[in-house]
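User: I am new to this structure. Please show me how to read it, one feature at a time.

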Amino acid sequence: MIVRISGEDQYLLPDEDAQRLKELEGAVVSVVDGGREDGFGDAYRAVLDYVRSHGTPIGDDELQSSDVILPPADLTFEEAGREFTGEGLIPD
Amino acid sequence: MAGLTGRMSTVVKAKVSKLLDRAEDPAETLDYSYQKQVEQLQNVKKGIADVVTAKKRLQMQESSLQQSVVKLDTQARQAVSAGQEDLARAALERKNVAQTELQGLDGQVTELEQQQQKLTDSEQKLRAKIEAFRTKKEVIKAQYSAAEAQVRISEAATGVGEQMADVGLAMQRAVDKTENMKARADAVSELEAAGTFDDITALGPGEDDIDRQLKQLSNQPQIDNELAKLKGEIGAGDAPAPSPQIPAQSQAPAPGAPAPDGAEAPGGDGQA
């Protein structure tokens, strides 16, 4: 599974990691849905740290598309909220 | 995967497939993709240049404000020495406003530096991918039949396309940040143009108005403290020439009370 952290790198992760990643992402979603801004930074960092520590960076000269694209590390709580309600980081 | 990653992935993929849909003929797709990639690289370079320009503007404002702070501080001291408390207060108010703006600018310059670094990294990554694509496209053209080439081209172009979309996002974020900062830089320019940080000895007819605004902008208790501190410093060190307006007793802290915040003479010469 290839995961991109927007603004950083693409990482190759074992497919088994998908489940754990989903759980970590679920935690971020519930923090945002619950309006708990103070918990957001840690929750989102946990997702990114997991990808960085479990994945192998893909070389800049390799041309592969990602299975999953994560928003940038400096994503704000507000921006995360907009991600969920449809008005994403990248305008259509 | 819904939520956080779902939307982001969907939008990027939509963008990428839009890029790829243009041409039917594989060779044409290849050249078109490459041309698009090179254009995007130029855009990134321009984006970096814009960030650098914005940063330079803020840095110039910073250095001009720093000069104002030094100048106004000197003038406040001179005014205290001469016993002109009102003038000292006016200088300190201006200095206070200048310092506040300075802090704001400082944070923004740091922020822009980070943006610049990010964009530079993104540009290098994109350049590497484009270079890889250029090599690959010649190989594909030479070695594969039309049908097979189509598949391989899609793969390669999608990989680059995703990088392009990602750089596009980084640029958009940088531009948004720069826009916010422009507003602040403009506000500082307006203050400068209004003479807010001007030499207080050269106050023109507009001074009353500026001073009124400054009183609202500056933090009054802080000005009181700073003025008291200056008076303490100057009173304790070199005793100035006889000051006509400030009685000598207001210069040193009262012997009995420690008065750490130095609020010993709130009204200045009012009690003389």
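This is a predicted model: local features need pLDDT of at least 70, side-chain atom pairs count only at pLDDT 80 or more; totals for chains, interfaces and linings use all residues.

User: Which way do the side chains of strand β1 of chain A point?

Analyst: In a regular strand, side chains alternate between the two faces of the sheet. In β1(A), residues 2-5, Ile2(A) and Arg4(A) point one way, Val3(A) and Ile5(A) the other. All are buried, that is, under 20% relative accessible area with a 1.4 Å probe and protein chains only (exposed is over 50%, partly exposed in between). Strands here are DSSP runs of E, at least two residues; helices are runs of H or I, at least four; both are numbered from the N terminus.

User: What does β1(A) pair with?

Analyst: Strands pair if DSSP finds at least two bridges between them. β1(A) and β2(A), residues 10-12, are antiparallel over 3 bridges. Arg4(A) stands opposite Gln10(A) there. Their hairpin has 4 residues between the strands, and Gly7(A) takes a positive phi near 85 degrees. β1(A) also runs parallel to β4(A), residues 68-70, joined by 3 bridges. Ile5(A) has Leu70(A) as its bridge partner in β4(A).

User: Which residues of helix α1(A) are buried?

Analyst: An α-helix has 3.6 residues a turn, so residues three or four places apart point the same way. In α1(A), the buried ones are Asp17(A), Leu21(A), Leu24(A), Glu25(A), Val28(A), Val31(A) and Val32(A). Seen down the axis, they fall within an arc of 110 degrees (directions from the axis to the C-beta atoms), so they line one face of the helix. Gly35(A) follows α1(A), with a positive phi near 70 degrees.

User: Is Glu79(A) buried or exposed?

Analyst: Glu79(A) is buried, at 15% relative accessible area. It lies in α3(A), residues 77-85. Its side chain reaches the backbone nitrogen of Thr76(A) at 2.9 Å.

User: Which residues touch the most other members of the largest nonpolar core?

Analyst: A nonpolar core is a set of buried Ala, Val, Leu, Ile, Met, Phe, Trp, Tyr and Cys residues joined through side-chain atoms within 4.5 Å. The largest has 37 residues; Leu58(B), Leu65(B), Leu119(B), Leu126(B) and Phe133(B) touch the most other members. Its largest share, 14 residues, comes from α4(B). A second, separate core of 22 residues includes Val3(A), Ile5(A), Leu24(A) and Val32(A).

Note on methods
Residues are numbered from 1 along each chain as its sequence is written. Chains are lettered from A and ligands numbered from 1 in the order in which they are written. Side-chain values use heavy atoms; hydrogens and water are left out. A polar contact is a pair of N or O atoms within 3.5 Å; within protein, one must be able to donate a hydrogen and the other to accept it, and residues adjacent in sequence count only if both atoms are side-chain atoms.
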